[in-house]
Amino acid sequence: MTLTAATCWPAPAHTANDVQALVERAAAHIKSVGQKQAFADITRPDGGFVDGDLYVFCNSADGTVLANGGNPKLIGKSLAAVSDAEGRKPVFDGIHIALTQGQGWLEYLWPNPLAGHVQQKMTFVLRIDDRTVCGSGYYKLDPP
């Protein structure tokens, strides 16, 4: 008789390269099919822009959600004033980085629904045009 043990390992963590590639693919899709169709695709779970706990979001320059693969209920709402656990405003900060630098990374604290607690999150943002920013992020693993 052979015994095998089933081991449950956590899903592999996404890397910064995974996140940046997903956002750049979304930007290319927007350019290819236009914002209306692309935002609908980005928001759909089966639209090709949700990968496990990674998803693309797009915001207008004033912080209004235009597309969100993680939570479609946020579309049309402004998140510019939302603060993290340390008082930073990551949506506002991400928009500022993308519109002034073209692209960049920011780190902040954010609730991780899968982990059930607040964790450090790294988000890549990319300017689509003078009024639109898209991004995605991953949670950093908790130290052991």
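Strands S5 and S6 form a hairpin with four residues between them, and Gly116 in the turn has a positive phi of about 80°. Strands here are DSSP runs (E, at least two residues), numbered from the N terminus. The model is predicted: local features need pLDDT of at least 70, side-chain atom pairs count only at pLDDT 80 or more, and totals for chains, interfaces and linings use all residues. Residues are numbered from 1 along each chain as its sequence is written, and side-chain values use heavy atoms, with hydrogens and water left out.

**Strand pairing**
- S5 (residues 103-112) and S6 run antiparallel and are joined by 10 bridges; two strands pair if DSSP finds at least two bridges between them.
- Met122 in S6 is the bridge partner of Glu107.
- S6 also runs antiparallel to S7, with eight bridges, and a hairpin of two residues joins S6 to S7.
- Phe124 stands opposite Ser136 in S7.

**Gln119**
- Gln119 is found in S6 (residues 117-129).
- Gln119 counts as buried because its relative accessibility is 7% (buried means under 20% relative accessible area, with a 1.4 Å probe and protein chains only).
- The side chain of Gln119 reaches the backbone oxygen of Lys140 at 3.3 Å.

**Disulfide**
- The structure holds one disulfide, defined as a pair of cysteine sulfur atoms within 2.5 Å.
- Cys58 and Cys134 form this link, with their sulfur atoms 2.1 Å apart.
- Cys58 lies in S3 (residues 57-60) and Cys134 in S7 (residues 132-139), so the pair ties together parts 76 residues apart in sequence.
- The link of Cys58 and Cys134 is right-handed, with 105° about the S-S bond.
- Both Cys58 and Cys134 are buried.

Notes: Buried < 20%, exposed > 50% of the residue type's maximum accessible area, 1.4 Å probe, protein only. Polar contact = N/O pair within 3.5 Å; in protein donor to acceptor, adjacent residues only side chain to side chain.
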